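Morning, everyone. Please take a look at the structure on the screen. I'll go through a few local features.

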Amino acid sequence: MSNFITIFTPTYNRAHLLERLYKNLCEQEYQNFEWLIIDDGSTDNTREIIENYKREGKLNIQYFYKENGGKHTAINFGLEKAQSDIFFLLDSDDFLEKSATKVVAEKWDVIRNTPSLCGIVGLSKFLNKEVRTDAFPEDDWVVSFTDIYFKYKILGDKPVAFKTSVMKEFPFPDKKGIHFVFEAVSWHEMAKKYNVLAVNDLLQYKEYTEDGITRNTYKKDYVKGLAFSFFHLVKNRTYPFAKYPHHFLWNYIHLAINSLLSGESYFNQLSLIDKIIYLMFYPRAYYTYSKLKDKVV
């Protein structure tokens with residue numbers, strides 16, 4: 001087995017977390033991978049730490065620095081630099097089960113020549129908080145990524161390793177001043193065309209954090225990203241009404257709520273039918289906005 005993997009880590013001022021991740025990757029049972037790190041404008045000593053790791057020569061490390069633009073822009077940039085067929089996403093505050101890269105490499109042999117499959121989805125476990133992470137109903141389950149959550153109601157953050165070529169078909173939208181786009185904008189758009197192979201293998205460990213937004217306040221930058229994200233879900237019909245009517249309609253409500261909270265309006269960029277649906281649900285959105293507007297900081 002000689003399958004080559006890109007383990008992709010976007011990072012921003014997380015130098016204090018990189019040592020654990022580096023040691024974890026050095027302990028992987030399967031070592032035929034590159035560790036691709038996109039530094040999204042860090043102002044700490046991330047570059048220095050990574051250069052030290054590179055000098056040790058234990059891992060194939062590719063490091064690139066870019067101006068801060070948010071995780072979604074780091075993913076887009078990473079796809080330009082990736083040198084493998086498998087793009088395995090791993091945040092800087094997560095780490096892998098020792099067998100994770102071996103499992104991904106083995107499962108790649110299953111999906112490699114199946115054009116309808118775009119990647120592998122596994123299981124994760126939270127270490128510092130009881131967070132529900134459901135297993136899949138069967139092993140090597142061929143399923144739509146969106147259906148995992150919306151049809152089968154399977155909960156939990158799932159690690160993903162996608163075909164690099166497929167991810168390049170679905171880059172994240174980018175707009176100056178937007179530093180957050182949630183992953184559903186790309187992953188669920190991908191699911192309209194491709195299925196995934198869901199495996200009941202523990203691949204990733206995570207820690208629950210309250211970074212960025214708390215449960216009591218909402219950062220203006222965050223709601224701007226939400227408005228931008230929901231605009232693209234609406235515009236692209238990411239959740240077709242016939243299949244996901246609830247989510248289809250709620251996208252308009254969320255778009256209106258977050259447009260009001262952020263002061264960023266996308267109404268004029270909507271199609272005529274989208275404008276009509278938006279206006280139908282605007283009173284419902286305004287009610288929620290009135291309850292949340294004082295929590296935006």
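Start with Asp134. At 15% relative accessibility, Asp134 counts as buried. Buried here means under 20% relative accessible area, exposed is over 50%, and partly exposed is in between, with a 1.4 Å probe and protein chains only. This is a predicted model: local features need pLDDT of at least 70, side-chain atom pairs count only at pLDDT 80 or more, and totals for chains, interfaces and linings use all residues. Residues are numbered from 1 along each chain as its sequence is written, and side-chain values use heavy atoms, with hydrogens and water left out.

Where does Asp134 sit? In the loop between β6 (117–126) and β7 (141–143). Helices (H or I, at least four residues) and strands (E, at least two) are DSSP runs, numbered from the N terminus. Leaving aside residues up to four places away in sequence, Asp134 touches Leu123, Lys153, Ile154, Leu155 and Lys158. Contact means heavy atoms within 4.5 Å.

Stay with Lys158. Its charged end sits over the ring of Phe136, 5.3 Å from the ring centre. The rule: NZ of Lys or CZ of Arg within 6 Å of the ring centre and within 35 degrees of the ring normal.

Now the aromatics. Rings of Phe, Tyr and Trp (its six-membered ring) pair if their centres lie within 6.5 Å; planes under 30 degrees apart are stacked, over 60 edge-to-face, the rest tilted. How many aromatic pairs does that rule give? The count is 26. One is Phe145 with Phe162: edge-to-face, 6.5 Å centre to centre, 70 degrees between the planes. Phe145 lies in helix α5 (residues 145–150) and Phe162 in strand β8 (residues 160–163), so the pair ties together parts 17 residues apart in sequence. Phe145 is buried at 6% relative accessibility. Phe162 is buried too, at 1%.

Next, Phe182 and Phe230. Their ring centres are 5.1 Å apart and their planes at 70 degrees, so this pair is edge-to-face. Phe182 is in the loop between α6 (164–167) and α7 (184–190), and Phe230 is in helix α8 (residues 220–235), so the link spans distant parts of the chain, 48 residues apart. Phe182 is buried at 17% relative accessibility. Phe230 is buried at 11%.

Back to Phe145 for a moment. Phe145, Tyr149, Phe162, Phe172 and Trp187 form one aromatic cluster. That's my tour; over to you.
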